[in-house]
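Visitor: I am new to this structure, and I would like to know what stands behind the words used for it. Could you show it to me and then take my questions?

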Amino acid sequence: MSGEEAVKPVSLYRRLGCCLLDVTLAECAVRLFVSVDRIFHKGRYFGSEIFGSTYINMAVVGLLFLFVTVTLAKFGQTPGKMCGYLKVVKLDGSGITFFQAAVRAFFCFGVVILPYWAFVTAKEPLNFVLAIPYGYFAVNCLFAISDKERRRALHDMVAGTKVISLVKNA
């Protein structure tokens with residue numbers, strides 16, 4: 001019996017719940033990092049007004065991207081997926097590679113962060129750019145809903161992965 005036949009697709013709501021938990025944990029880590037830095041530098045980011053919060057945010061996003069990529073490549077799970085008993089695997093059920101984890105992480109939130117970065121660093125207002133993350137999120141959910149057989153989102157399709165449940169009959 002192959003991994004494809006044995007596993008029922010994970011519901012969109014369960015995946016969104018795990019994603020929300022990951023985002024909440026990441027936000028807590030970012031807030032803690034920035035708060036500690038401000039304490040040591042008397043309210044300024046990294047001791048410099050020039051450096052600014054934009055670059056701090058981008059550095060933190062880079063670290064989060066690396067963290068998600070490494071945890072997916074090593075364990076097949078992020079902390080949110082661990083709590084929800086979900087795992088990311090190849091289509092054949094085996095563990096994913098580092099490259100697949102990086103592609104998946106980029107299409108999960110890299111596509112969302114790049115427009116934000118363009119908006120923040122632009123010399124002229126680019127308010128329409130902020131709509132891109134919401135549009136991408138909606139398209140991603142539509143992909144997961146329309147793929148009734150496997151419930152794969154756009155980032156799963158691009159990376160050649162799927163999300164499985166580690167709990168039987170869940």
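Guide: What follows is a conversation about terms, values and the conclusions drawn from them.

Guide: This is a predicted model, in which local features need pLDDT of at least 70, side-chain atom pairs count only at pLDDT 80 or more, and totals for chains, interfaces and linings use all residues. Residues are numbered from 1 along each chain as its sequence is written, and side-chain values use heavy atoms, with hydrogens and water left out.

Visitor: How do you know how many helices and strands there are in the chain?

Guide: Helices (H or I, at least four residues) and strands (E, at least two) are DSSP runs, numbered from the N terminus. By that reading the chain has 7 helices and 2 strands, and their order from the N terminus is α-α-α-α-β-α-α-α-β.

Visitor: Why is Arg15 called buried?

Guide: Buried means under 20% relative accessible area, exposed means over 50%, and partly exposed lies in between, with a 1.4 Å probe and protein chains only. Arg15, which is found in helix α2 (residues 12-40), has a relative accessibility of 11% and therefore counts as buried. In the chain as a whole, buried residues make up 34% of the 170 residues.

Visitor: What makes Arg15 and Asp156 a salt bridge?

Guide: The term asks for a side-chain nitrogen of Lys or Arg within 4 Å of a carboxyl oxygen of Asp or Glu. The closest N and O atoms of Arg15 and Asp156 are 2.6 Å apart, and the pair forms a salt bridge. This pair links distant parts of the chain, with Arg15 in helix α2 and Asp156 in helix α7 (residues 154-159), 141 residues apart. Asp156 is buried as well, since its relative accessible area is 0%.

Visitor: Which residues are linked in a network of salt bridges?

Guide: Arg15, Arg104 and Asp156 are linked in this way, for the side chains of Arg104 and Asp156 also meet in a salt bridge, at 2.9 Å from N to O. That pair, too, links distant parts of the chain, Arg104 being in helix α5 and Asp156 in helix α7, 52 residues apart. The count by this rule comes to 2 salt bridges.

Visitor: Why does Lys81 have no salt bridge?

Guide: Lys81, which lies in helix α4 (residues 79-83), is buried, and the nearest side chain of opposite charge, Asp22, is 4.7 Å away.

Visitor: How do you know the number of disulfides?

Guide: A disulfide is a pair of cysteine sulfur atoms within 2.5 Å, and by this rule the count comes to 0. Cys19 is in no disulfide, the nearest cysteine sulfur, that of Cys108, being 7.1 Å away. For Cys83, the closest cysteine sulfur is in Cys18 at 7.7 Å, which is too far for a bond. With 54% relative accessibility Cys83 counts as exposed, while Cys19, at 37%, is partly exposed.

Visitor: What makes Leu66, Val70 and Phe98 a nonpolar patch?

Guide: Patches are made of residues with over 30% relative accessible area and no salt bridge, where like charges are joined within 9 Å and nonpolar side chains (Val, Leu, Ile, Met, Phe, Trp, Tyr) within 5 Å. Together, Leu66, Val70 and Phe98 have about 270 Å² of accessible area (Shrake-Rupley method, 1.4 Å probe; for residues, only the protein chains shown count as cover).

Technical notes
Lys, Arg positive; Asp, Glu negative; His and termini not counted.
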